[in-house]
Amino acid sequence: SVTIGMNELVTSLDPPTDWAIAATWIHMNIFDCLVWRNRETAEFEPWLAESYEQVSDTVWKLKLREGVTFHNGEEFNADAVKWTYERILGDETMITYNQWLFIKEIRVLSPFEVEIETATPEPAFLSKISGTGCGVQAPVAGQKQKDEGAEYTPIGTGPFQFVEWVKDDRIVLAANESYWGGAPDIKTLTWKAIPEVSTRVAN
């Protein structure tokens, strides 16, 4: 088990609604994006997308990783990608709404292939689809929560899955033992709010 003392926690566990650095650190243990930046080389790498190619000035084709499941057992596929990003584009109240307006249309070509058409030629495409709110969410559970007005529960494909959130106190995550990238060595990850610096250091 590992406990991380933070000066602040998230205001939301829904990635497109909180883009503070502290929130991103926590979100990206629960969710995966289509591409991700290698922390050593700074190069973009396929992640939930197995490969990608630019087929025209404004169209990118992405082949998705097969055999990946969300924490609730739902299958990761092209429909999940389309639902995740169209959800942002359909809600102007989301803090990341303007950040995703570079997308004109998302087309499902097959269960594991999507095309993303941009509004204009977008040289920063890979950077933008790995930015805040990029974590792909479970669409069936997410739509059900939305329709029922239920409290948001984060369900991603990431190395850790949500266990508990005690607001202004702690967030507890458990290892996703079936993670497509391999089960984490850490089994329980706790993010603890300790705003006072000397107290945080002492702990």
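Strands pair if DSSP finds at least two bridges between them, and strands (E, at least two residues) and helices (H or I, at least four) are DSSP runs, numbered from the N terminus. Within this pairing, V59 stands opposite E117 of strand 7. Please keep in mind that this is a predicted model, in which local features need pLDDT of at least 70 and side-chain atom pairs count only at pLDDT 80 or more, while totals for chains, interfaces and linings use all residues. Residues are numbered from 1 along each chain as its sequence is written, and side-chain values use heavy atoms, with hydrogens and water left out.

Zooming out, 4 strands make an open, antiparallel sheet in the order 4-5-7-6. Strand 4 (49–54) and strand 6 (103–110) are at the edges with a single partner strand each, so one side of each has no neighbour in the sheet. On average, neighbouring strands of the sheet are turned by 20 degrees against each other, direction ignored. Helix 2 (residues 78–89) lies across strands 5, 6 and 7 and runs at about 165 degrees to strand 6. Here contact means heavy atoms within 4.5 Å, and angles run from 0 to 180 degrees between the N-to-C directions of axes fitted to C-alpha atoms, for helices over the stretch in contact.

Now for the open spaces. On a 1 Å grid over the protein atoms alone, a pocket is an open set of points with protein on both sides within 12 Å along at least five of seven lines, a cavity is a set where a 1.4 Å probe fits but cannot get out, and lining residues have an atom within 4 Å of a point. The largest pocket has a volume of about 250 Å³, and helix 1 (residues 21–30) gives the largest share of its lining, 3 residues. Among the lining residues are W25, W36, W47 and Y179.

The second largest pocket, of about 160 Å³, brings us back to helix 2, which, like helix 4 (139–148), supplies at least two lining residues. The largest share, 3 residues, comes from helix 4.

Finally, a search of the whole structure finds 1 cavity of 30 Å³ or more. The largest cavity has a volume of about 40 Å³, and its lining includes Q137, G142, Q145 and Y152.

Technical notes:
Grid points are joined across faces, edges and corners, and a volume is the space filled by probe spheres set on the points.
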